[in-house]
Amino acid sequence: MSDASVRAVGWAQSFPVTRGVRAGREWARAHMDSLGWTHTDPDAVDSVVLAVSELVTNAHHHARTGAQVVLTWDGQALHLSVHDSGPGAPEPRKADEGSLGGRGLAIVDALADTWSIHPTTDGKTITACFRRSEESDCRKDEA
């Protein structure tokens with residue numbers, strides 16, 4: 001029997017369409033600060049906050065639903081999950097230069113170490129994983 005234990009900390013919050021994106025960014029930044037990342041890894045904080053912004057925006061704009069956001073820190077990686085109850089799975093699109101939108105999933109792909117989409121009975125959940133260092137292990141979940 002192993003003595004190894006896993007300690008994880010997490011937070012969850014719903015962001016309605018009426019007040020979600022800015023509140024989501026502020027909420028995520030506050031929790032990243034509570035982990036100490038604001039001082040030790042400010043670039044990772046900016047990446048997580050931008051990913052929250054993009055994914056909550058997608059839930060509100062494309063799915064036209066509120067967004068349920070969960071942040072989980074397991075000691076090695078931060079897992080960001082955003083659930084919406086809209087139908088279908090989003091697909092990354094190639095936005096042309098003049099487009100004002102269409103870059104959300106491309107931005108998440110560029111920022112996160114891994115990300116995936118999980119269909120659920122009432123919509124979908126997008127999970128992005130962020131590592132602080134090269135030694136941590138963040139594997140993409142298979143849907």
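Helices (H or I, at least four residues) and strands (E, at least two) are DSSP runs, numbered from the N terminus. Helix α3 is followed by arginine 64, whose phi is positive, near 60°. The structure is a predicted model, in which local features need pLDDT of at least 70 and side-chain atom pairs count only at pLDDT 80 or more, while totals for chains, interfaces and linings use all residues. Residues are numbered from 1 along each chain as its sequence is written, and side-chain values use heavy atoms, with hydrogens and water left out.

**Overall layout**

- The protein chain has four helices and five strands.
- Read from the N terminus, the order of these elements is β-α-α-α-β-β-α-β-β.
- Of the 143 residues in the protein chain, 40% are buried; buried means under 20% relative accessible area, exposed over 50%, and partly exposed in between (1.4 Å probe, protein chains only).
- Contact means heavy atoms within 4.5 Å. Among contacts in the protein chain with a separation of 6 or more, 59% are between residues 24 or more positions apart.
- The accessible surface of the protein chain is about 8500 Å², and carbon and sulfur atoms hold 49% of it. Accessible areas come from the Shrake-Rupley method with a 1.4 Å probe; for residues, only the protein chains shown count as cover.

**The nonpolar core**

- A nonpolar core is a set of buried Ala, Val, Leu, Ile, Met, Phe, Trp, Tyr and Cys residues joined through side-chain atoms within 4.5 Å.
- The largest one here has 30 residues, and those with the most contacts inside it are Leu71, Leu78, Leu80 and Phe130.
- Elements giving two or more residues to this core are β1 (9-15), α1 (21-34), α3 (42-63), β2 (67-73), β3 (77-84), α4 (104-111) and β5 (123-131).
- Helix α3 supplies the largest share of this core, nine residues.

- The buried residues of α1 are Ala23, Gly24, Trp27, Ala28, His31 and Met32.
- Seen down the helix axis, these residues fall within an arc of 165°, so they line one face of α1. The arc is that of the directions from the helix axis to the C-beta atoms.
- Elements covering the buried residues of α1 include β1, α2 (37-40), α3, β2 and β3.
- Glycine 24 in this helix counts as buried, because its relative accessibility is 0%.
- Apart from neighbours within four places in sequence, glycine 24 is in contact with Phe15 and Val52.
- Glycine 36, with a positive phi near 85°, follows α1.

**Helix α3 and arginine 64**

- The 22 residues of α3 should span 32 Å at 1.5 Å a residue, and its end C-alpha atoms are 31 Å apart, which agrees. The expected span of a helix is 1.5 Å times one less than its number of residues.
- Arginine 64 lies in the loop between α3 and β2.
- Arginine 64 is not a glycine, although its phi is positive.
- Arginine 64 counts as exposed because its relative accessibility is 64%.

**Histidine 118**

- Histidine 118 is in strand β4 (residues 114-120).
- Histidine 118 is buried, with a relative accessible area of 18%.
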